[in-house]
Amino acid sequence: MSGVRVLVGTRKGAFILTSDESRKEWDVTGPLFAGWEMYHLKGSPVDPNRLYASQTSDWFGQTMQRSDDGGKTWEPIGNQFTYQGEAGTHQWYDGTQHPWEFARVWHLEPSLTDPDTVYAGVEDAALFKSTDAGQTWHELSGLREHSSGHLWQPGAGGLCLHTIIIDPTDENRLFVAISAAGSFRSDDGGQNWTPINHGLKSEWELPDSDAEVGHCVHNLAMHPSRPDVLFMQKHWDVMRTDDGGDNWREVSGNLPSDFGFPIEVHAHEPETIYVVPIKSDSEHFPPDGKLRVYRSRTGGDEWEALTNGLPQEDCYVNVLRDAMAVDTLDSCGVYFGTTGGQVYASSDSGDNWAPIVRDLPAVMSVEVQTLS
Amino acid sequence: MIKVILPAHLRTLANVMRDVEVDVPEPVTQRTVLDALETSYPMLRGTIRDHVTQQRRPMVRFFACERDLSHEEPDAPLPDEVAAGKEPYWIVGAMSGG
């Protein structure tokens, strides 16, 4: 019998939510790593029992955890993330140059083919890789050493590499996104990188609104059947590319606000995408106090509000960039977590929603594993 | 044996009870105590001191014998009571909040 396992990272620990394919009754396990900030947990697509987790603390820094039994037990793994060679400098908030300093792991992306290989996106922005199940990490320094690196600047949340996408047809082709540097693509397994930001416009954030780098990309999403099509939630604007990032065009259409953080693609409909509009960069909550997921079945431009089961008054939570995911059951499930501690699920592509839990700590990440 | 008291988060990480005892070769200093602690509990590496610089993390404090040793030289001898195993060496998460 199939089912789903939802991995939830929060400000004060991790939770694992499990259900059968009906997705009506849920078991809640947690808090795991109670009191720690759990930025991200993700399972290997090759071995669903292999989970990786980023565990961090302002006091005690970065630690990492791995489970080999689907989250029942965990063991600490390597937590040394050392920049390769001279770390160099990037742009600081005041325009001066500032040394690259490791702070934390924002995102983990397990390999599509090898359970022992996993990528880590970190703050200050860099990409690390482990090929020994997380025991040791080495930097793919070609990204940080890109000629534009000194121009990258931290967003409000820090200079973080928060999105990693592996092309399922060519594992050497990688996409990453950095706040606030933009999107980058590697075609050689992460050795060399090309900024892919042509078409982005950041009138209110950059003096040169269509600069090669510096854009505050919040999240990217891809359907595995179409690796040249990427969707982007930028600081402002929802964008898409049909040529692997070489050119982007805006598809915000009729959204009530095109500011937001996560973006996701339906598991079986490559032109169906989801965003959660947020009022503005200075007011990180839904417009009009209504928590609405917006769905486009046309790959953008035309959007419909999904509200059934979501609070439609007095709701002032946020949904962070890694806090939305989809399962791959026949009737696609969509999940998201809020800074108010709710995790909502829809088992019918977003038509109807219900909370799985209501009172967790602020949710930082949501990932879903579809189990057979 | 040197008694070391860890903060709650690090006890959980190291899967230990409140007090830890580590065998520390002479001289007994903050550096040698932390080296011994990290040898016995490698998962603590990087959580108390930076991996590379070995500098104390900013929000970690070291106490012993009712003194704050956080700003002492890492190679300075620890108090005799700590070296004799009579008093514990405290690793503390800095007070923070509001």
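Let me begin with a definition: two strands count as paired if DSSP finds at least two bridges between them, and strands themselves are DSSP runs of E with at least two residues, just as helices are runs of H or I with at least four residues, numbered from the N terminus. What we have here is a predicted model, in which local features need pLDDT of at least 70 and side-chain atom pairs count only at pLDDT 80 or more, while totals for chains, interfaces and linings use all residues. Residues are numbered from 1 along each chain as its sequence is written, with chains lettered from A and ligands numbered from 1 in the order in which they are written.

I will take one sheet of chain A, an open one of 4 strands in the order 4-5-6-7 with antiparallel pairing. Its edges are strand 4 (37-43) and strand 7 (75-77) of chain A, and because each has a single partner strand, one side of each is left without a neighbour in the sheet. From one strand to the next the twist averages 30°, where axes are lines fitted to C-alpha atoms, for helices over the stretch in contact, and angles run from 0 to 180 degrees between N-to-C directions. Strand 4 of chain A pairs with strand 5 (residues 51-57) of chain A in the antiparallel sense over 6 bridges, and Lys42(A) has Tyr52(A) in strand 5 as its bridge partner.

Now to another sheet of chain A, where 4 strands in the order 26-27-28-29 form an open, antiparallel arrangement. Here strand 26 (324-326) and strand 29 (354-357) of chain A stand at the edges, and since each has a single partner strand, one side of each lacks a neighbour in the sheet. The twist in this sheet averages 25° from one strand to the next. Strand 27 (residues 334-337) and strand 28 (residues 343-346) of chain A pair in the antiparallel sense over 4 bridges, with Tyr335(A) opposite Ala345(A) in strand 28.
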